[in-house]
Amino acid sequence: MDSTLFTFPSSAHPPSPALSLKSRFNNPFYHHRRRFLAGRPPIAPKIRAAISRTKKEETVEKVKQQLDECHLIAGIGYKGLTVQQFQDLRTQLPATSTLLVAKNTLVLKAIEGTKWEALKPCMKGMNAWLFVHTEEIPAALKPYRTFQKEKKLEDNDFTGAVFEGKFYSPDEFKALENLPTRAEVYATILGAVKGPASAIVGTIQAPARDLVMVLKAYCKKLEEGEPSPQ
């Protein structure tokens, strides 16, 4: 008997053609799979931009908060300072002073429309910003002067400051550092009131800025209920 050999088609899938290097690198799914397996999914540009914008807004808001009850803002050139030096400086500042590092553009945005806009002349280079929340200006500036001398940071000087709406350049800082203290103001008032009329006239004829500080201190003294000198 003649036998007939029947052949049936195989149920196995035919082998897929090999991917060329060109098709492999042009395949977006291949690259996405590699990133996923590496555990570092790509960050969309929009998300990255949103994060950056949020940080900038937080910085502007932080600067605005420092403006409340602020008596003086000074810029300090911090180029070349180390993180450790910043930490050391912050520990030497009084509780009434705050040191912030922020870009000039963000600080300018925060002070826009306020009396602190006078800071514009020192919006150059890399600045750290000293916010002073006390009337004792010389005592607030002295810690940085001491730190500057100890660390020999002659190039990291004050870049400018605003006090009572007036801008002070680095060359004018002596005027701020030599302002009378509260105790000296009280002594001036007591001496003028208890002394002869010529002393009172001398106080009145003093520079307007010094006279304003004397009057402010005297008014505050009266508000606190302290008896006036007889």
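## Salt bridges

A salt bridge is a side-chain nitrogen of Lys or Arg within 4 Å of a carboxyl oxygen of Asp or Glu. Side chains of opposite charge can pair when their charged atoms come close. The structure you are looking at holds three salt bridges. It is a predicted model, in which local features need pLDDT of at least 70 and side-chain atom pairs count only at pLDDT 80 or more, while totals for chains, interfaces and linings use all residues. Residues are numbered from 1 along each chain as its sequence is written, and side-chain values use heavy atoms, with hydrogens and water left out.

Let's begin with R145. Its side chain meets that of D157 in a salt bridge, with 2.7 Å from N to O. This pair links distant parts of the chain: R145 is in helix α6 (137–150), D157 is in the loop between α6 and β4, and the two are twelve residues apart. Helices here are DSSP runs of H or I with at least four residues, strands are runs of E with at least two, and both are numbered from the N terminus.

R145 also forms a salt bridge with E177, where the closest N and O atoms are 2.7 Å apart. Because R145 lies in helix α6 and E177 in helix α7 (residues 173–177), this pair ties together parts that are 32 residues apart in sequence. The side chains of E172 and K166 meet in a salt bridge as well, at 4.0 Å from N to O. Salt bridges that share partners join R145, D157 and E177 into one network.

The areas come from the Shrake-Rupley method. R145 counts as buried at 18% relative accessibility, and E177 is buried too, at 19%. D157 counts as partly exposed, at 26%.

What about the pair E172 and K166? E172 is partly exposed with 33% relative accessibility, and K166 is partly exposed with a relative accessible area of 32%.

## A positive patch

K56, K64, K103 and K109 form a positive surface patch. Patches are made of residues with over 30% relative accessible area and no salt bridge; like charges are joined within 9 Å, and nonpolar side chains (Val, Leu, Ile, Met, Phe, Trp, Tyr) within 5 Å. Lys and Arg count as positive and Asp and Glu as negative, whereas His and the chain ends are not counted.

K103 is exposed, with a relative accessible area of 58%.

## Cysteines

How many disulfides does the structure hold? The number is zero, where a disulfide would be a pair of cysteine sulfur atoms within 2.5 Å. C70 is buried at 7% relative accessible area, and C122 is buried at 3%.

## Two positive phi angles

Most residues other than glycine have a negative phi. E69 is not a glycine, yet its phi is positive, at about 55°. E69 lies in the loop between α3 (45–66) and β1 (72–77), and it counts as exposed at 67% relative accessibility.

E164 also has a positive phi, near 55°, in a residue other than glycine. E164 is in the loop between β4 (158–163) and β5 (166–168), and it is partly exposed, with a relative accessible area of 33%.

N127 lies in strand β3 and is buried, with a relative accessible area of 1%. The C-alpha atoms of N127 and G77 are separated by 4.7 Å, and these residues are 50 residues apart along the chain.

H133 is found in the loop between β3 (127–132) and α6 and is partly exposed, at 24% relative accessible area. Its C-alpha atom is separated by 6.0 Å from that of S97, a residue 36 residues apart from H133 along the chain.

D171 lies in the loop between β5 and α7 and counts as exposed at 74% relative accessibility. From C-alpha to C-alpha, D171 and F158 are 9.4 Å apart in space, and they are 13 residues apart in sequence.

Note on methods: Areas by Shrake-Rupley, 256 points an atom, 1.4 Å probe, with all protein chains shown as cover. Charge placed at Lys NZ, Arg CZ, Asp CG, Glu CD. Buried < 20%, exposed > 50% of the residue type's maximum accessible area, 1.4 Å probe, protein only.
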